[in-house]
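Hello,

Here is the structure for you to look over. My notes follow below it.

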Amino acid sequence: MTNSSEGVSYAAAGVDIEAGDRAVTLMKEWVAKTQRPESIGALGGFAGLFDASRLKGYARPLLASATDGVGTKVAIAQRMDVHDTIGHDLVAMVVDDLVVCGAEPLFMTDYICVGKVVPERVAHIVKGIAEGCVLAGCSLVGGETAEHPGLLAPDEYDVAGAGTGVVEADAVLGPDRIRTGDVVVAMASSGLHSNGYSLVRHVVFDHAGWSLDRHVAEFGRTLGEELLEPTKIYSLDCLELARTTEVHAFSHVTGGGLAANLARVIPDELHASVDRSTWRPGAVFEVVADAGKVARAELEKTLNMGVGMIAVVPRESADATLATLAERGVDAWVAGEITERGDRTEAVTLTGDYAR
């Protein structure tokens, strides 16, 4: 073994430990903004701590967990060199999965894998995660930043996150609560959210040949700005519905589209009919369809088509549900109903044509 100062070093291999330390210093300010009273300790430990004694107030607390990423939407952030919104998307994808069963998101951890640690860039990513956690009412209790030179290019990165929530056992929402006569309440998405970007990027870049700085009249802004629109976070809205009205189930509309995700909470003997004419998808869906001549069936199994979250509620709760969501600034409408499945093979049917 040699002690020569000319030998190979970790830095020479592409890993900058000092840059990683500086990234941690820069992100501390944002992580601090997410702390709930139950959060214990400061950023920098080997594990995040959360005081579970708050669960003593539950008769039978069930912990819910979820993990996700944001897919190829990170490629748009990297090309635009805008990194403070992608974390918001990450939180939305995790906490809105948690709330589907009625769970309150408690805390999240993140994983950021980079080709090269640029402290300011990492801090911007964490800023977005922290801001998302504030909107979701949960703490960011820890995370990991890993530098992978040779696996990722210097300007490339990916993000993932995991979240934990809690729900009372007798308050768990899902298929067993849904009944014939229930109605399907749709909540508007903020745009593409974080799914289908492989299709969208193929259409706008490879097929249409557009650039991210192209101004698109239908959007009233550039293509890049539209594609980076953060995913709407519904968790606190859904929790408020569960507290103040009768809700039987939620469905988070992500990859696979509305029908496939709603089908995940429909009992085998029941059927959900959703009327397309009750809403008009946002401009981005029409632009993608036209630019790529994408068939409606392909769009619907890939994109959310303007609906980011669904609540299945008793018909008599529909007005209260819509009123509560309106008070919270969530655009929502009754989009369908639950009936007996009969001889149908599918759990969900989309009928009619979208409003124009």
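A crossing of two helices is right-handed if the near helix is turned clockwise from the far one by less than a right angle. Please keep in mind that this is a predicted model.

Helix 7 and helix 11. This crossing is right-handed. The axes of helix 7 and helix 11 (residues 318-327) come within 10 Å and cross at roughly 140 degrees. Angles over 145 degrees would count as roughly antiparallel. Helix 7 and helix 11 are therefore oblique to each other. Helix 7 makes the contact with Asp237, Glu240, Leu241 and Thr244. Helix 11 brings Thr321, Thr324 and Leu325. By class, that contact has 2 nonpolar, 3 polar and 2 charged residues.

Helix 3 and helix 4. Helix 3 (residues 86-98) packs on helix 4 (residues 119-136) at an angle of about 40 degrees. Their axes are 6 Å apart. This pair, too, is oblique, and the crossing is right-handed. On helix 3, the contact residues include Ile86, Leu90, Val91 and Val95. On helix 4, Gly128, Ile129 and Gly132 are among them. The contact divides into 9 nonpolar, 4 polar and no charged residues.

The second largest pocket. Its volume is about 270 Å³. The lining has 15 residues. Which lie nearest the centre? They are Gly102, Ala171, Leu239, Ala242 and Arg243. Strand 6 (157-168) and helix 7 (235-244) each supply at least two lining residues. The lining has 8 nonpolar, 2 polar and 5 charged residues.

Best wishes

Definitions and conventions. Residues numbered from 1 in each chain as written. Predicted model: local features only at pLDDT ≥ 70, side-chain atom pairs only at ≥ 80, totals over all residues. Heavy atoms only, no water. 1 Å grid on protein atoms, 1.4 Å probe; cavity = no way out; pocket = protein on both sides within 12 Å on 5 of 7 lines; lining within 4 Å. Points joined across faces, edges and corners; volume = space filled by probe spheres on them. Helix = DSSP H or I, 4+ residues; strand = E, 2+ residues; numbered from the N terminus. Nonpolar A, V, L, I, M, F, W, Y, C, P; charged D, E, K, R; others polar. Axes fitted to C-alpha atoms, helices over the stretch in contact; angles between N-to-C directions. Parallel < 35°, antiparallel > 145°, perpendicular 65-115°, else oblique. Contact = heavy atoms within 4.5 Å.
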